[in-house]
Amino acid sequence: MGAANAASAFDRRDLGLLLLRLGAGGVLAAHGTQKLFGWFGGHGLTGTGQFMESVGYRPGKASATAAGLAEAGGGTLLALGLATPAAGAAAAGGMAGAATVHAPNGFFNQSGGYEYAATLGLAATGLAIAGPGRLSLDHALGHVFDRGWMVPTALATTAAVTALVVGARNRRLDKPEKEEDAAGFEGQESLFGD
């Protein structure tokens with residue numbers, strides 16, 4: 001009886017991971033194809049690239065391509081349960097970049113906040129760490145793309161790249177404000193005859 005309960009709990013875990021992978025991976029993949037191809041009411045690379053430029057991610061079209069590939073590619077691989085550590089890390093990195101854009105609007109999505117991006121990013125990270133379960137291509141292929149060492153490597157690499165990209169974006173956004181402040185200060189100096 002104990003073995004039957006253990007097998008049933010393990011099967012429930014696998015089914016739960018499959019549902020989570022299909023749901024989060026499917027949403028991420030659809031979201032990414034909006035950027036890449038303009039599907040599902042998206043703006044494609046040109047429109048998304050223009051938006052990326054407007055929020056400080058430059059060059060815009062390259063940024064749109066990278067974000068679209070992280071979301072569509074990472075989401076598709078998560079749904080399939082293939083290369084799960086890299087797929088989850090890539091999708092999480094893309095969502096971290098999106099969350100940065102939405103953070104000034106607070107948490108909740110209805111106010112334009114980062115709730116949606118954070119939820120998808122955390123789901124992708126959780127899947128990268130937990131693994132895909134037995135109902136996956138990783139399991140069918142003997143986990144050749146899902147080794148234990150790949151999890152911290154993929155997450156650390158993605159975290160470092162994401163920090164660099166977001167940091168560069170933030171410096172670009174801060175620079176005009178600093179230039180305006182400096183211009184305003186110079187103008188004030190001239191008022192005082194300096």
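Modeller: A residue is called buried when its relative accessible area is under 20%, exposed when over 50%, and partly exposed in between, with a 1.4 Å probe and protein chains only. The model is predicted, so local features need pLDDT of at least 70 and side-chain atom pairs count only at pLDDT 80 or more, while totals for chains, interfaces and linings use all residues. Numbering starts from 1 along each chain as its sequence is written, and side-chain values use heavy atoms, leaving out hydrogens and water.

T84 is buried because its relative accessibility is 0%. T84 belongs to helix α4, where helices (H or I, at least four residues) and strands (E, at least two) are DSSP runs numbered from the N terminus. Helix α4 covers residues 84–102. Setting aside neighbours within four places in sequence, T84 has contacts (heavy atoms within 4.5 Å) with L78, L127, A128, G131, P132, D138 and F145. A further pairing concerns S136: the C-alpha atoms of T84 and S136 lie 9.5 Å apart, although 52 residues separate the two in sequence.

The loop between α3 and α4 holds A83. With a relative accessibility of 15%, A83 is buried too, because the value falls under the limit. The phi of A83 is positive, near 55°, and A83 is not a glycine. Most residues other than glycine have a negative phi, and most peptide bonds are trans. H143 is another residue, not a glycine, with a positive phi, of about 60°. H143 sits in the loop between α6 (137–140) and α7; because its relative accessibility is 23%, H143 counts as partly exposed. As for the peptide bonds, the one from R58 to P59 is cis, with omega near -5°, and P59 lies in the loop between α2 and α3.

Two of the residues that T84 touches, L78 and L127, are members of the largest nonpolar core. Such a core is a set of buried Ala, Val, Leu, Ile, Met, Phe, Trp, Tyr and Cys residues joined through side-chain atoms within 4.5 Å. The largest one has 12 residues, including also L17, L28, M95, A99 and L120. At least two of its residues come from each of α1 (2–37), α4 and α5 (115–130), and α4 gives the largest share, 5 residues. A99 touches Y114 and A117, not counting residues up to four places away in sequence. Another core of 7 residues lies apart from the largest one, and M52, V55, A67 and V101 are among its members.

T48 is buried because its relative accessibility is 10%, and beyond four places in sequence T48 is in contact with Q34, K35, H43 and A64.

As for the whole protein, there are 7 helices and 0 strands. Of its 194 residues, 36% are buried. Among contacts between residues at least 6 apart in sequence, 66% join residues at least 24 apart.
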